[in-house]
Amino acid sequence: MSVPSSPLPDHHACERARLSRDARFDGLFFTAVTSTRIYCRPVCPAPSPKAANVRYYANAAAAEAAGFRPCLRCRPELAPGHPAWHPGEHVVARALKLIDGGTLAEGSLEGLADRVGVGARQLRRLFVEHLGAPPLRVHTTRRLLFAKQLLTETALPVTEVALASGFGSLRRFNAAFAQANRVAPRELRRRPRAGQAGGALVLRLCYRPPYDFDGVLDFLRSRALPGIEQVDANTYTRVFGPTDAPGWLRLSAWPDGEHALKLELHGPQSAQLLPLVTRLRRMFDLDAEPRAIAATLGAGGVLAPLLRKRPGLRLPSGWDGFEIAVRAVLGQQVSVAAARTLASRIVQRFGTPLATPVLPGLERLFPTPEQLADADLSQIGVVRARAQTIRGIAQALLDGRADFRPEQPLEEFVERWTALPGIGEWTAHYMAMRALGHPDAFPAADLILRRAAAGGTGELSTRALTEMAQAWRPWRAYAVIHLWRSVADGTDVSKANDSAKLGKRR
């Protein structure tokens, strides 16, 4: 269980980023000013404070634990998440994934600690040691910052904001918000806000640049399921449940070049809002740090020219684990287009039709494990072996023999899934990439990967590619996306490397 050497950049890097308002460091640290007792993002447009009055914190929870309140101008609630712990499998990293998933919203600290295999006191000590704040403070800060975004950007009633941010009591929400922000929720409402457009709830989802949104859309477009999702040149649109009260969402680039995506939500229940935003941040990989990824993958070799060509390429994951698992099985030894065709047939034959389509072309929900556990898939062209595997996956999820828990280590996830008939290493790692967004998943047996990594000299063996990829850890999944993209772009990696070498000689 490796521990990040320091989740906070060194002091000089923080100073340079603060003074230059470098967006690449947004969310990697927060600047607290002792004279005002306010903490800000490094991109804050306010005049720079004196260096003697500045303190740096790795996360918002640590700044608030030290007695600082969030800035109303740069709005720390919009900062991308800190990625330092995301690739790791340390206890703190796994617990943070559970907190992001809302575990403490309904459970206890003891339950959280039990799921990561330590005692509650030890977990609290580890959080304070590595993050500067205990788990409950991290959880509460996350909820309050999301509430602040809803109060600022939407017209939701305060009672719904409290519910959406995980507070069951309006009184408790008002007290916690006032303590953290030194202002009551209704007072904050007096400031200008974005409101709602055309009946949609509009939120901005910020990221650290560079971000290749077009590349993410291209990836998702080739895999989009008719009836459930639509992807065009500029937007991603999807229907989501529950069946009796479906909603739909649209994601596009935020106008005017701001480093954010524009999320438009139609018909969400208040309690769904934070889980929906969390899911979309994972799906579109909005909390990645391109600098750290490039430092590892771009050190030389086959990936260097690919990183120069697409420095903001991200790891697109999927909406739902079961949906990705079914698609992974359908994609075994066939093309992406063929797998999409089969998946589309499953949606049309077994998906849940909506009583009223939310939009033209968005009229179904993906079938559940219960619906596919005994389904006859042979009638839609799925070969017997893969049909049995899909039914086995559905039953394993219902039985609890397999799951998509975000806190499980990669090796454990692969081991549990490959124990099921029809699931090999390639499928398990692909599922880890797309269902969990695991940054180090690596389907090394993939033929396209082995050819692309060979740089135009045939194809590498699975063993040779696995050995090569050791240098890419813990970001091997990003290497996968770059290599796949190089094939889609028609990039000859060997020629790109030769050109790069000639350029250096000149």
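## Close-up views of a predicted model

View 1. The largest cavity here has a volume of about 90 Å³, and a search of the whole structure turns up two cavities of 30 Å³ or more. A cavity is a set of points, on a 1 Å grid over the protein atoms alone, where a 1.4 Å probe fits but cannot get out, and lining residues have an atom within 4 Å of a point. Grid points are joined across faces, edges and corners, and the volume is the space filled by probe spheres set on the points. This is a predicted model, in which local features need pLDDT of at least 70 and side-chain atom pairs count only at pLDDT 80 or more, while totals for chains, interfaces and linings use all residues. Residues are numbered from 1 along each chain as its sequence is written, and side-chain values use heavy atoms, with hydrogens and water left out.

Look for Leu220, Glu229, Glu323, Arg327 and Arg434, which lie nearest the centre of the largest cavity among its 13 lining residues. Strand 8 (235-240) and helix 15 (321-330) are the elements that give two or more residues to this lining, and helix 15 has the largest share, three residues. Helices (H or I, at least four residues) and strands (E, at least two) are DSSP runs, numbered from the N terminus.

View 2. A salt bridge is a side-chain nitrogen of Lys or Arg within 4 Å of a carboxyl oxygen of Asp or Glu, and the count comes to 33. Here the bridge links distant parts of the chain, 78 residues apart: glutamate 153 is in helix 7 (residues 135-153), and arginine 75 is in the loop between strand 4 (69-70) and helix 3 (91-100). Both glutamate 153 and arginine 75 are buried (under 20% relative accessible area; exposed is over 50%, partly exposed in between, with a 1.4 Å probe and protein chains only).

View 3. Arginine 221 and aspartate 218 form a salt bridge, their closest N and O atoms 2.7 Å apart. About one helical turn separates the two, because they are three residues apart in helix 11 (residues 213-221).

**View 4. A bridge between helices 23 and 14.** Aspartate 489 pairs with lysine 309 in a salt bridge, with 3.9 Å between the closest N and O atoms. Aspartate 489 lies in helix 23 (residues 476-489) and lysine 309 in helix 14 (residues 304-309), so the bridge ties together parts 180 residues apart in sequence. Salt bridges that share partners join Asp212, Asp218, Arg221, Lys309, Arg310, Arg485 and Asp489 into one network.

Terms used. On a 1 Å grid over the protein atoms alone, a cavity is a set of points where a 1.4 Å probe fits but cannot get out, and a pocket is an open set with protein on both sides within 12 Å along at least five of seven lines; lining residues have an atom within 4 Å of a point.
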